[in-house]
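Here's a friendly walk through a two-chain model, meant for someone meeting it for the first time. Have a look at the picture, then read on.

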Amino acid sequence: MNGAVWIRQVAALSMKELRQLWRDRGLFAFVVYVFTVNIILAAGGASYELNRVPVIVHDADRSKPARDLAYAFQPPYFTFLGEVADPAKALAMLDREEARVLVDIPQGFGERLHEGTQPATIQLLVDASHANSGYLAASYAASITSHFAAPWTQQTLIRAGIAPDQLPRADARIRLWHNPDLNEPWFHTVAELTTMMTVMCILLPAAALVREKERGTIEQLLVSPLSALQVLLSKVIAMEAVMLVGVAVAIFGIMQPIYGVPIRGSLPLLFALTAIYAFTNAGIGLAAASFARNSGQTGLLIMLIVMPIVTLSGTWTPLESMPAWLRSLMTISPLRHFVDIIYSILLRGAGLSVLWSPIIWMIGLGAIMFTIGVLRFRRQYR
Amino acid sequence: MNLRRVLAVTQKEIREILRDRIYLALAFIMPGMLMIVFGYGMSQDIENIALAVLDEDGTALSRDYARHFTDSRYFTYVGHFRSQQEADRSLSNGRIKVVIVIPQHFAQRLMEGGASPVQFLVDGTFTTIARTVRSYLDATNLAFNAGLQSRFISARLGVPQSQAIAILQPVRIEMRYLYNQEARSLWAIAPSLMMFTLMLIVPLLTALSVVREKESGAILNVYASTISRGEFIAGKLLPAIGIACLNACVLWMIATLYFGAPFKGSLGLLALATLLFVICAAGCGLVVSFLVRTQQAAIIVATILSTLLAMQYSGIMTPVSSMTGATHAIARSFPPMYYQNVITGTFMKGVGFDVLWPDLLFLLGFAAFIVSVAHALFRKRVPA
């Protein structure tokens, strides 16, 4: 068989896949949604900054400093709900999540502060049922308290004859690179795009393959003069086309114009690597589909593979924080490498010279997965 | 509704599931496996952040300063740089998240008194991580300063260091973390993962149940039979609810026994909420199954829908209270957030029906709503 015919056959089959997707209007609309509206929703979705955490104060002291401290809990980070006379009532409010922080100022707080020989203690009760925001609330509350206390320190120091600015201190100047204002949509739109791409890239070809198995149309393909490789390749190519168009729409139609997500690196490189990434995932999907006999099995099997990949790829929890066994397991997740690549090209402006290692990993994984898929597919049907 | 006809459908479904060994194994093994992997990966303790040092001062004091960071469990020292260019370059592929640049004369400036600048270059790409890293850096820097200043004051005024500390920190905070005493997030997150895992799996259990029959044509038998629409839907839902409830028990045991999450509330209350939640989730899958035409579309739509609901709109990645705009509205109109409230309430707070009834009411309402949507979508007619 000559090459041109071979390619024409693959092209014809790929067109068939695309046509099928186009005709399944429900599915097609859903694909459009994922690359457009869904990205917008993800961008506006969340502010990880503390946002008006409700604070309740139990003030047993009723001195002026105590009142000043209570009123220091203000927006944007906190909302001061008011004072309660009865601590039990405050705890009930914490139970119902009406308040998330209780500031308990004991009797004698103002007096101790004036004396200045031993620290005046206050108690902070923080709702830590959401560990991360609990920790943030605690640290912001601590910094509000230390701001409140600073003038008292200064008074004592001046009385003792030390100029406050004479105190030695390391002045930490923290500069955020790549996203200096911590612009949330820059992070979230890319994270959402990679997540949805991963789910789609693995699912689309797997579902398409299993569908033919279930309906028996695969028999028709196999009696036709097509090789197993051609059958699989056509599914992958169709999906590649959908992905590349989808990513282009998401980046140029939404992320860049609406949210100003920067593109600091090379676009051709980005799209070339996106294509490779889609190919790698397609390999995973095909390998998984070759183990499944029907759509039910495929759905569950893919969920089992996809969810760890999208939740543990290092965007939410850094890989370094994971236990070692999980971290090494995630080395074989292509998304873990693609996350490095896409963020590095878009935000960090990196090029091939610093990205070669994740690229090699991704290509290697893709080649292995795809080979497994092709080999298993062949064995099942010859 | 005729119970016999419902059970006939259920029995047929169960038989189908039992004959598909791989599916059966997956349906029971997978939720537990996922939950364990998520537990280790998603516990939100951000630790061991890769950190590098560029020490241009090279004095004992500058090394001591750097050690405050490298010895902390929040950071892992990965090396030092000799030049600013090297440091800049290292931040461009994401392998290093923080570089401390200690300039020349750092120690000398400290000895002279006053502020001595240090620069921290932080990779801000992953905003959530960057924000936490920034607070760690501030806190560690404060700790260094507190030590330095208390030594300075005690030397200048000739007072014991404890009194110097009282001068520096006139207000001391006793921090108590409620509901999660040690703020260890593996405990905190394990119960939420019950919701997360159920939300991911359960819609998939029903998403194919109708569309499979549509594709194979078996649905025509249903159209022609005497079974009512409600009976058919009930029959389809029951086996999925059964599998999901058994899985919920396993997940509950993983949360409490394996991850050691405390359970303070009423088991009956959680069981009731779980049942309602599972009906909601299975109902979502069934609605997908009625809406789409092919199994291929059903898996894709169900998978993405449950992924979105579980990750984006459940409050597991960010509390619902910090959500804004449309996301907030969507989160409030789907069940995960309410079930999550019941889970937090029963696991960590030990609160009862008096506090949680609004959540249960919503779950009940949504379950009724989604089943009636499925009922409305189901026509016993061949589409023209």
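Two strands count as paired if DSSP finds at least two bridges between them. Helices (H or I, at least four residues) and strands (E, at least two) are DSSP runs, numbered from the N terminus. This is a predicted model, in which local features need pLDDT of at least 70, side-chain atom pairs count only at pLDDT 80 or more, and totals for chains, interfaces and linings use all residues. Residues are numbered from 1 along each chain as its sequence is written, while chains are lettered from A and ligands numbered from 1 in the order in which they are written.

Let's start with an open sheet of five strands, which runs S5(A)-S4(B)-S3(B)-S1(B)-S2(B) with mixed pairing. S5 (169-177) of chain A and S2 (75-80) of chain B sit at the edges with a single partner strand each, so one side of each has no neighbour in the sheet. From one strand to the next, the twist averages 25° (angles run from 0 to 180 degrees between N-to-C directions, and axes are lines fitted to C-alpha atoms, for helices over the stretch in contact).

| Helix | Strands touched | Direction |
|---|---|---|
| H3(B), residues 60-70 | S5(A), S1(B), S2(B), S3(B) | about 175° with S1(B) |
| H6(B), residues 127-157 | S5(A), S1(B), S3(B), S4(B) | about 170° with S5(A) |

Inside the sheet, S1 (residues 49-55) and S3 (residues 98-102) of chain B pair in the parallel sense over five bridges. There, B:Ala52 stands opposite B:Val99.

**Where the chains meet**

How many residues of chain A are in contact with chain B? It's 108, and they meet 111 residues of chain B. Helix H7 (residues 131-159) gives the most to chain A's side, with 15 residues. That side has 60 nonpolar, 33 polar and 15 charged residues (Ala, Val, Leu, Ile, Met, Phe, Trp, Tyr, Cys and Pro count as nonpolar, Asp, Glu, Lys and Arg as charged, and the others, Gly among them, as polar).

Strands cross over too: S4 (residues 120-127) of chain A pairs with S5 (residues 171-178) of chain B in the parallel sense over eight bridges. In that pairing, A:Val126 has B:Tyr177 as its bridge partner.

**Elsewhere in chain B**

Helices H1 (residues 3-19) and H11 (residues 229-258) of chain B pack at about 40°, their axes 8 Å apart. Their contact divides into eight nonpolar, two polar and four charged residues. Among those in H1(B) are B:Val6 and B:Ile14, while H11(B) brings residues including B:Phe232 and B:Leu238.

Conventions:
Two residues are in contact if their C-beta atoms, placed from the backbone, lie within 7 Å.
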